[in-house]
Amino acid sequence: MLNSNTYSTPLNLGLLRPDEVARAAVEAYERGAVSLASAEGFVRQVIGWREFIRGVYWKLMPGLRTANLLEAHRPLPDFFWNPEATDLQCLREAVGSVRETAYTHHINRLMIIGNYATMTGLDPRAVSHWFWAAFADAYEWVELPNVVGMALFGTDAFTTRPYLASAAYVKRMSGLSAKGRGPVAAKNEGPCARCRFDPDQRTGPDACPLNALYWNFLDQHRARLERNVRMRPIVRGLDRYSADELAAIRRTARDHVNGLRSTTDWAFDEDAG
Ligand SMILES: Cc1cc2nc3c(=O)[nH]c(=O)nc-3n(C[C@H](O)[C@H](O)[C@H](O)COP(=O)(O)OP(=O)(O)OC[C@H]3O[C@@H](n4cnc5c(N)ncnc54)[C@H](O)[C@@H]3O)c2cc1C
């Protein structure tokens, strides 16, 4: 069942209009029912981002379907359809929520699933096919720019840098429940607390793979990312590692991606949607 506070599906189906929900949010603020920050954030997402994305889609099609700025070609791993196949608890819970409800909230889409896909070099088109097939609110005009442009940095036409996160971010943000809003869990109650990997270790078999994947991604794409003023200071964080530490980071990341099994038993027809 979808979270009852979820608006994307009825909005995308045309059952709700963007101006209607934006006005309702403003009225709720004026009645004192919600805070200014909540009302402003909601209106900004609906008018400022959702409607902008719609324009982006029409401007960038048809090339957006095959955009692949980072030349990422790894096929979709099997755990996207079978979440028990990954040991990463954050991914298992986010993908599990999609399997159960055809929904997971924005941070899971962007910073758990999208982040992992970017850092492991998954093919943006394959990831887009999964999002399109698996989510109740997926329509190509909104799914494709969010997945290929925003989450996987398959194009720099409307985003300036990739969204990347190591385990520290995931641990900090772990309070969000996989199915959407809801009480923020107390510290140490998120997926990291239930995971077999240690978010505080960078390399080795017990380290959360997100740490090595993060630094390995920066290392692999250093030349491109250093040209970006917002990424430059982050990329230069690599310089604090010795040659041995960097070799261990590369090895841990390589071992992780080499352990992925790809899905071979499904195909997606974009023109059939
Ligand atoms: C990788 C990825 C894939 C996504 N795929 C889709 C998709 O297929 N369909 C879809 O409708 N949204 C998609 N989004 C955007 C966003 O995650 C969902 O709109 C949101 O999670 C829906 O839940 P909600 O209604 O509870 O949103 P809230 O968090 O309550 O946001 C309110 C409304 O703002 C709008 N909104 C917020 N963020 C975005 C955004 N980035 N782009 C467009 N509209 C936004 C939506 O209409 C949403 O209903 C995707 C985001 C990412 C990062």
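Modeller: Helices (H or I, at least four residues) and strands (E, at least two) are DSSP runs, numbered from the N terminus, and by that rule the protein has 12 helices and 0 strands. This is a predicted model, in which local features need pLDDT of at least 70 and side-chain atom pairs count only at pLDDT 80 or more, while totals for chains, interfaces and linings use all residues. Residues are numbered from 1 along each chain as its sequence is written, and side-chain values use heavy atoms, with hydrogens and water left out.

The structure holds 19 salt bridges, a salt bridge being a side-chain nitrogen of Lys or Arg within 4 Å of a carboxyl oxygen of Asp or Glu. One of them joins Glu140 to Arg65, with 2.6 Å between the closest N and O atoms; Glu140 belongs to helix H7 (residues 140-151), whereas Arg65 sits in the loop between helix H3 (36-60) and helix H4 (89-101), 75 residues apart. Glu140 counts as buried (under 20% relative accessible area, with exposed over 50% and partly exposed in between, for a 1.4 Å probe and protein chains only), because its relative accessibility is 10%, and Arg65 is buried too, at 17%.

Arg65 also meets Glu270 in a salt bridge of 3.9 Å, N to O. Glu270 lies in the segment after helix H12 (243-258), so this pair ties together parts that are 205 residues apart in sequence. Arg65, Glu140 and Glu270 are members, with Arg125 and Asp271, of a network of salt bridges.
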